[in-house]
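Visitor: I am new to this structure and would like a short tour. Could you take me through it?
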Amino acid sequence: MYTDTPANGEQSATELTTPRVYSYTRFSTPEQQEGDSLRRQTEGAARWMRRKNEERAKEGLAPLVLDERLRLQDLGVSAFRGSNTSTDRGLGGFLMACRAGLIAEGSYLVVESLDRVSRMTPRKVSRLLDDIVDAGVVIATLGDGQEYDAERLDSDPTALLIALMVSWRAHEESKVKGERLSEVWADKRRRVRNGTDKLLTRKGPSWLDPVDDGWVEKAPHADTVRRIYAMTLEGIGEHKIAHRFNEEGVPMMGRGKMWHRSTVSKVLRNPAVIGTLVPGRVVYRDGKRARVFEDPIPEVFPAVIERAQWEAVRALKDGKAPAVRGRGAKGKLANIFAGLARCPECGASMTRVMKGNPSKGGKPKLVCTQAKAGAASHGYRSVTLSDLQETLEHKWERLLIDIPAGPGGGEVDAELENLQAVISVAVEQLSEIEEKAKRNPSLGLSSQRRALEAALASYKVDAAALELERASVDHGLIAARAEAFSDAMSAEGQLDLAKSNACLRSLFQGVVIDYRTGRLLFQWRQGGETALTYAWVE
């Protein structure tokens, strides 16, 4: 953030009242940094300074001084949606300094053209210009030799018209460029989806290298990915994998300097390992930037992990499938409610037992582990497992009819509540200032009002972001898990118990087998229950 303060930390009254020149430089793409844009804008500002000081010398005025302590640069930053004004650096920092009264009246902001300041709509540009000139700053544009201050914009409609027309041209130019670029990327995604191309972009997974007709494995990273999956299936945790890789000096993938748990986690959750690309695009909704993901495209990349391994790891990570199944870790899962079944009377887990000889009609049943051990205060009751599984197979769709939304995140709610209280106080303070200014215009409260309005606007932006975050807490994850559960239950052929159990575990924290009422109570991870009836009980 910019503070107009000398190196010794003190700020003199002279420095606050002496007009200075501030040169602002901006370009929107990194490629322009390699070109002529920065040099052209910088040298243009220097020529303007020389001419302006020659004119002032003829009028007997002191020369203007370029303030070089403030580097007013937004390099590689777009002004189409106001990104260059939304931070405390560059132009955003200058605006904050203006609102705080740290820029002396009569100072100049020198820019190559108004489109360097903003490429937003003319209405928004007008507000931005007002913020600057109301602080007593003159905006000088090098390309057309215009100077805009509060007095000229208020009294000369031609000046305002010129500013608005320049901003309109710049906005439309950026808008058309954006639309054309979006069409190009949409066409690229279509070509990848229909199999015409394999390269959406040459930036891909860290374990692959792009070639003309697709992708090839990159050594040693592809082997590292395979090792991560193998170690995970052996029961080794993400933190321990990262620690071991750091000890062994395994080369990092990407720009990181060392392995972290999060690095391993990203590899274990990236569908690119089985060859799937999840294309996405950036959209703007109500001025907010958001990333939208499209349907996955299989077989875009060469798979470095077998699908069976991927699904097994997903079961461990999302569903947390039990490590021990039956009498051995390698035995097939025989209980779709493994790790989920709960006793309705004491809340203990329920386990699978075989009641009777299978050859003589014996069936597996679920019983309370506490009752089985003789440690429960209630009686020993068993429920036929096949009845429960048949109920789920026939009625599973009812679970997805009305999925609870969840509380929305307690921390987010608390933060939003506090911020709304701050906004209420700020609104009251602003109202008081406006009333005082109406009663007594000579009080000079305009700077206080502008500062409070700026703060209030910032608070509202933060509140809107929190509202969006609260509305979307875990929604995408729940939807994805529900879709996976639907796919598992509706798959043709014999039901895959391990996959279905993993999907159930990702959605529910428990299933109460209520043999007293003949109902299954599915307890959602985000809160709430959904009941399925499995038997009539007297």
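Guide: The conversation below covers strands, salt bridges, a charged patch and a few single residues.

Visitor: What kind of model is this?

Guide: This is a predicted model, in which local features need pLDDT of at least 70, side-chain atom pairs count only at pLDDT 80 or more, and totals for chains, interfaces and linings use all residues. Residues are numbered from 1 along each chain as its sequence is written, and side-chain values use heavy atoms, with hydrogens and water left out.

Visitor: How many bridges join strand 4 to strand 1, and how many join strand 4 to strand 5?

Guide: Strand 1 (residues 21-23) runs parallel to strand 4 and is joined to it by three bridges. Strand 5 is also parallel to strand 4, with four bridges between them. Two strands count as paired if DSSP finds at least two bridges between them. L109 stands opposite Y22 and also opposite I139 in strand 5.

Visitor: What holds paired strands together in general?

Guide: Strands of a sheet pair through backbone hydrogen bonds, either parallel or antiparallel.

Visitor: Which strands make up the open sheet of four, and in what order?

Guide: The order is 11-15-16-17, with mixed pairing. Strand 11 (341-342) and strand 17 (529-533) are the edge strands, each pairing on one side only. Within this sheet, strand 15 (residues 508-514) and strand 16 (residues 519-524) are antiparallel over six bridges. I513 faces L520 of strand 16 across that pairing.

Visitor: And strand 13, what does it pair with?

Guide: Strand 13 (residues 363-368) pairs with strand 12 (residues 350-355) in the antiparallel sense over six bridges. Three bridges also join strand 13 to strand 14 (residues 382-384), again antiparallel. K365 in strand 13 is the bridge partner of V353, while L366 stands opposite V383 in strand 14.

Visitor: Changing topic: how many salt bridges are there?

Guide: The count comes to nine. A salt bridge here is a side-chain nitrogen of Lys or Arg within 4 Å of a carboxyl oxygen of Asp or Glu.

Visitor: Which residue does E248 meet, and at what distance?

Guide: The side chains of E248 and R227 meet at 2.8 Å, N to O. This pair links distant parts of the chain, with E248 in helix 10 (residues 238-248) and R227 in helix 9 (residues 221-233), 21 residues apart. E248 is partly exposed at 44% relative accessible area, and R227 is partly exposed at 30%. Elsewhere, shared partners join E217, D223 and R226 into one salt-bridge network.

Visitor: What about E217 and R226 themselves?

Guide: Their side chains form a salt bridge at 3.0 Å, N to O. E217 is partly exposed at 39% relative accessibility, as is R226 with a relative accessible area of 28%. Another salt bridge is that of R152 and D156, at 3.7 Å, N to O.

Visitor: Where is the patch of negative charge, and which residues form it?

Guide: D130, D134, E151 and D154 gather in that patch on the surface. Patch residues have over 30% relative accessible area and no salt bridge; like charges are joined within 9 Å, and nonpolar side chains (Val, Leu, Ile, Met, Phe, Trp, Tyr) within 5 Å. D134 is found in the loop between helix 6 (122-133) and strand 5 (138-141), and D134 is partly exposed, with a relative accessible area of 44%.

Visitor: Which peptide bond is cis?

Guide: The bond from A219 to P220 is cis, with omega near 0°. P220 is found in the loop between strand 8 (214-217) and helix 9.

Visitor: Finally, where is S458 found?

Guide: S458 is in helix 16 (residues 446-471) and is partly exposed at 39% relative accessibility. The C-alpha atoms of S458 and I423 are separated by 9.8 Å, although these residues are 35 residues apart along the chain.

Conventions:
Areas by Shrake-Rupley, 256 points an atom, 1.4 Å probe, with all protein chains shown as cover. Lys, Arg positive; Asp, Glu negative; His and termini not counted. Charge placed at Lys NZ, Arg CZ, Asp CG, Glu CD. Helix = DSSP H or I, 4+ residues; strand = E, 2+ residues; numbered from the N terminus. Buried < 20%, exposed > 50% of the residue type's maximum accessible area, 1.4 Å probe, protein only.
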